[in-house]
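Have a look at the sequence and the coordinates first, then read on.

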Amino acid sequence: MPRIVFDQVSKSYGAVEVLPPFDLHLDDGEFTVLVGPSGCGKSTTLRMLAGLETLSGGEIFFDDTPISKLDPKERDLAMVFQDYALYPHMNIAKNMSFALRLARVSKSEIETKVQRVAEMLNIAHLLDRKPAELSGGQRQRVAMGRALVRDAGTFLFDEPLSNLDAKLRGKMRAELAEMRDTIDKNMVYVTHDQVEAMTLGDRIVVMSDGFIQQQGTPEELFKAPVNKFVAGFIGAPTMNFVDGDLVDEKGTLWVRGDGFALPLTADAGQRLAAAKDRAVTVGLRPSSFTTDLTQGAPIELKVVVSEYLGAQSVLVTRCGGAEILVETQSASPVRSGTEQTFGVLTDEIMIFDKTSGLRL
Ligand code: ADP
Ligand code: MG
């Protein structure tokens with residue numbers, strides 16, 4: 001399986017440039033997820049890789065070989081689309097083996113491959129049925145299976161789970177995550193769902209408005225987002241953002257805003273020294289709060305809504321004029337309508353430039 005390199009690839013439709021020139025390196029054997037809001041250019045990127053869309057500029061390489069002039073079928077790829085039409089009159093085995101039969105693969109080899117993939121996807125008992133006799137999730141699995149039997153070097157998935165209901169999506173996501181570890185192939189997976197991206201990706205490419213915002217492991221994106229967009233996009237519930245000012249008080253850098261003042265760690269203080277007295281945006285993840293006041297810096301919040309979920313509570317609170325979502329691990333419910341002091345884990349505070357959105 002090849003290493004895939006996008007070199008200054010761009011795409012315009014007429015006069016509209018939807019993807020300005022970008023570089024992207026996908027290591028072999030990796031599960032890469034392209035994630036971003038609808039319309040940001042994920043499918044276009046995938047379709048250029050598949051050969052279903054021409055490039056307006058740049059080149060795509062498989063190892064050192066340029067491939068942009070190759071036909072889709074010369075690229076050793078298999079693709080699963082969002083709208084996976086199965087052939088209604090063919091049974092599942094025939095649906096799955098369609099491409100192999102076109103390629104004149106021997107009957108015994110087809111049987112072996114279909115059986116192996118069907119077992120992996122848990123649909124071996126359905127091979128004689130017609131698509132209409134299957135549930136949505138089972139049909140989705142057949143669509144995956146149809147691509148997987150092809151033994152390509154690279155598999156492309158364009159929002160394959162987006163037509164399923166939330167519960168089924170969760171189940172399929174878990175199954176895919178398990179399958180991912182058994183298939184040593186290039187996988188490039190497109191989704192708008194950050195949870196899918198985080199659970200499936202070895203590496204995640206976050207896109208918005210035709211630009212790659214950041215690439216990294218799930219952990220890198222969560223812990224060290226480069227800007228406010230990535231910080232707000234990755235992680236659920238989403239990060240809280242409030243306005244603040246950086247002020248130096250006796251050698252400690254504090255971030256102050258409407259109704260709060262939080263000291264930054266010594267490390268952050270050093271890194272941010274140059275930004276002193278600057279207006280910033282403060283990012284606080286809901287999980288960066290604690291009810292254990294021996295940890296973290298105190299912050300006074302008015303609890304507006306309290307949802308007690310047993311092991312944790314999700315709270316909608318107010319701090320000055322801002323609404324702040326808080327997740328706590330406290331064993332007992334937090335009463336709504338009360339003012340309460342919480343702890344903020346100061347090493348998790350993120351500071352963004354208010355204008356550019358870049359993390360400082
Ligand atoms: P995503 O998959 O991230 O939702 P797409 O790659 O489908 O986004 O689309 C990116 C942008 O390109 C969108 O603004 C979309 O409207 C535009 N676009 C996609 N296909 C075409 C096309 N065939 N003609 C003109 N514009 C298109
Ligand atoms: Mg798309």
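## Ground rules

A residue is called buried under 20% relative accessible area, exposed over 50%, and partly exposed in between (1.4 Å probe, protein chains only). This is a predicted model, so local features need pLDDT of at least 70 and side-chain atom pairs count only at pLDDT 80 or more, while totals for chains, interfaces and linings use all residues. Residues are numbered from 1 along each chain as its sequence is written, chains are lettered from A and ligands numbered from 1 in the order in which they are written, and side-chain values use heavy atoms, with hydrogens and water left out.

## Two loop residues

Serine 332 sits in the loop between strand 18 and strand 19; helices (H or I, at least four residues) and strands (E, at least two) are DSSP runs, numbered from the N terminus. Serine 332 is partly exposed because its relative accessibility is 44%. Skipping neighbours within four places in sequence, serine 332 is in contact with Tyr308 and Ser313, where contact means heavy atoms within 4.5 Å.

Leucine 127 belongs to the loop between helix 3 (107–120) and helix 4 (136–148). With a relative accessible area of 11%, leucine 127 is buried. Its contacts, again leaving aside neighbours within four places in sequence, include Asn91, Met96 and Val114.

## The ligand site

What surrounds ligand 1? The shell is Tyr13, Val18, Pro37, Ser38, Gly39, Cys40, Gly41, Lys42, Ser43 and Thr44, counting a residue as near if one of its heavy atoms lies within 4 Å. Helix 1 (residues 42–50) gives the most to this shell, with three residues.

A backbone N or O atom of glycine 41 is 3.0 Å from one, a polar side-chain atom of lysine 42 is 2.9 Å from one, and a polar side-chain atom of threonine 44 is 2.5 Å from one. 

Five strands make an open sheet in the order 15-19-16-17-18, with antiparallel pairing; two strands pair if DSSP finds at least two bridges between them. Strand 15 (289–290) and strand 18 (322–328) are the edges: each has a single partner strand, so one side of each has no neighbour in the sheet.

Strand 16 (residues 297–308) and strand 19 (residues 339–344) run antiparallel, joined by six bridges. Leucine 301 stands opposite glutamine 340 in strand 19.

How values were computed: Polar contact = N/O pair within 3.5 Å; in protein donor to acceptor, adjacent residues only side chain to side chain.
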